[in-house]
Amino acid sequence: MTEKTALTPSTHTAPPAKFSHGVRKGNILQVAGQVGFLPAVEGRAPTPAGRTLREQTLQTFANVKAILEEGGAGWDDVMMMRVYLTDVDHFAEMNALYDQYFEEQELKAPPAARTTVYVGLPKGLLIEIDALAVLG
């Protein structure tokens, strides 16, 4: 049986509860919901990348990518992404940022994706993204 490995890149703080930022088992890698926190600084509370959707979305992509890479994966291994926005008015801007970011990543094929509005994120956070990757 394949071991399950928890993934926490050095850029991330320890999770606030008993969960992992990502988990890999065999060729499956699940990235837990990531938000737009800047890279971790020891002794400092997590800090959002900024107040705008653009700043937080780009940092969230960087945070998801760091976990993918920690588990030996990349964007081309991602099969499904789920995006959670806190404001329905952010859909068009997020779609434009998403398209531009992944065009720059030169993906062979874009992953399936789902976007929904979710109002339960901590105050000031505008977006959360999780991803499922299959390696190999």
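**Exercise 1. Find which residues Pro9 contacts, leaving aside its neighbours within four places in sequence, and decide whether Pro9 is buried or exposed.**

Step 1. Start with the source of the coordinates: this is a predicted model, in which local features need pLDDT of at least 70, side-chain atom pairs count only at pLDDT 80 or more, and totals for chains, interfaces and linings use all residues. Residues are numbered from 1 along each chain as its sequence is written, and side-chain values use heavy atoms, with hydrogens and water left out.

Step 2. Pro9 sits in the loop between strand E1 (4-7) and strand E2 (22-25). Helices (H or I, at least four residues) and strands (E, at least two) are DSSP runs, numbered from the N terminus.

Step 3. List the partners. With neighbours within four places in sequence set aside, Pro9 is in contact with Ala66, Ile67 and Glu70. Contact means heavy atoms within 4.5 Å.

Step 4. Judge the accessibility. Buried means under 20% relative accessible area, exposed over 50%, and partly exposed in between (1.4 Å probe, protein chains only). Pro9 has 5% relative accessibility, so Pro9 counts as buried.

**Exercise 2. Describe how helix H1 and helix H2 pack, and sort the residues of their contact.**

Step 1. Take the geometry. H1 (residues 53-70) and H2 (residues 91-104) pack at an angle of about 45°, with their axes 10 Å apart. Axes are lines fitted to C-alpha atoms, for helices over the stretch in contact, and angles run from 0 to 180 degrees between N-to-C directions.

Step 2. Name the arrangement. Angles under 35 degrees count as roughly parallel, over 145 as roughly antiparallel, 65 to 115 as roughly perpendicular and the rest as oblique. H1 and H2 are therefore oblique to each other.

Step 3. Find the residues. On the H1 side, Leu53, Arg54, Thr57, Leu58, Phe61 and Lys65 meet Glu93, Met94, Leu97, Tyr98, Gln100, Tyr101 and Phe102 of H2.

Step 4. Sort them. The residues of the contact of H1 with H2 comprise eight nonpolar, two polar and three charged. Here Ala, Val, Leu, Ile, Met, Phe, Trp, Tyr, Cys and Pro count as nonpolar, Asp, Glu, Lys and Arg as charged, and the others, Gly among them, as polar.

**Exercise 3. Identify which residues of the largest nonpolar core touch the most other members, then follow the contacts of Met81.**

Step 1. A nonpolar core is a set of buried Ala, Val, Leu, Ile, Met, Phe, Trp, Tyr and Cys residues joined through side-chain atoms within 4.5 Å.

Step 2. The largest nonpolar core has 26 residues, and Leu29, Phe61, Leu68, Trp75, Met81 and Phe102 touch the most other members. Strand E3 (28-34), H1, strand E4 (78-85), H2 and strand E6 (127-134) each supply at least two residues of this core.

Step 3. Among the residues that Met81 touches, not counting those up to four places away in sequence, are Phe61, Trp75, Tyr98, Phe102 and Ile129.
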